[in-house]
Amino acid sequence: MVAGDAGTSWAMALAVPARREVAVNAMDRPGDIPAPLELDICSRCAGCGPTCCELSPGQEELCFPVSEMERHRIVEQVGLSRGAFTPEPNSRAFLANLRHLFPREGQALELLFPDAGRHLRLSVTPAGRCVFLRATGCRLPRPARPYYCRLFPFWLAGGRVTAFAAAGCLVHRQGRTVAGMLTLLGSSEARVRELHGRLRLAWGLPPREGMPFVTPSPARFGT
Ligand code: SF4
Ligand code: SF4
């Protein structure tokens, strides 16, 4: 465990693998990790595997949700969507994971992800690999990736920047502490906070805990 550890990582999106950088959206860029640094370490990770972009078959329900806005961005930038997303019931295990990520916002999460409802997630192969994962990493340009992918292995807990406990993650192993991991990736606490706020908005939560909750949010779900 590193200082400020956010706990066990959520299934898949257990990390953000290497990617080919293409056109960058100026609005998104401030929260991103500089391409060469990320490319280097996440490429190596994707080469050895398993990476954060894989889950154990049978645990698909634990995959993070993809909001309508994130789905649109992928479709617009990559020009495909067929088979890339899978509707998934809002199961108890899924909700439990969400509550772990946002421990003081259970009520809002129940409204956003009601019992009988469904959300979208990324599709995976029978082996549990994200359909966008290639041997050299994610095939999506960074600005098109879901926010959770772009944040990993970082998270915000109790207002502090933390890191998930992800034993196989090279960033984790080499950076050792949250500060070391941020330095390794050329990122910063400010960048993590900004991306975390964007993810919250996309998933239907206010940008910061304690701010007014607005629902329904057009960014929430695809189903
Ligand atoms: S180094 Fe970590 S963040 Fe990068 S691909 Fe591997 S598990 Fe994911
Ligand atoms: S979209 Fe890319 S970064 Fe996200 S889980 Fe899939 S392969 Fe990994």
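Predicted model: local features only at pLDDT ≥ 70, side-chain atom pairs only at ≥ 80, totals over all residues.
## The nonpolar core

The largest nonpolar core has 50 residues. Those that touch the most other members are Tyr-148, Leu-151, Phe-152, Phe-154 and Leu-199. Helix H8, residues 189–203, supplies the largest share of this core, with five residues.

## Helix H2

Helix H2 covers residues 68–78, and its buried residues are Glu-70, Arg-71, Arg-73 and Ile-74. Viewed down the axis of H2, the buried residues fall within an arc of 160°, so they line one face of the helix. An α-helix has 3.6 residues a turn, so residues three or four places apart point the same way.

Several elements cover the buried residues of H2, including strand E2 (85–89), strand E3 (118–122), helix H5 (147–151) and H8.

## A cis peptide bond

The peptide bond between Phe-152 and Pro-153 is cis, with omega about 10°. Most peptide bonds are trans. Pro-153 sits in the loop that runs between H5 and strand E6 (154–157).

## A positive phi at Arg-176

Most residues other than glycine have a negative phi. Arg-176 is not a glycine, yet its phi is positive, near 70°. This residue lies in the loop between helix H6 (170–175) and helix H7 (178–184).

Is Arg-176 buried, exposed or partly exposed? Arg-176 has 14 other C-beta atoms within 10 Å, so it counts as partly exposed; a buried residue would need 20 or more, and an exposed one 12 or fewer.

Key:
Residues numbered from 1 in each chain as written. Chains lettered and ligands numbered in written order. Core = buried A, V, L, I, M, F, W, Y, C linked by C-beta atoms within 7 Å. Helix = DSSP H or I, 4+ residues; strand = E, 2+ residues; numbered from the N terminus. Arc of directions from axis to C-beta. Contact = placed C-beta atoms within 7 Å.
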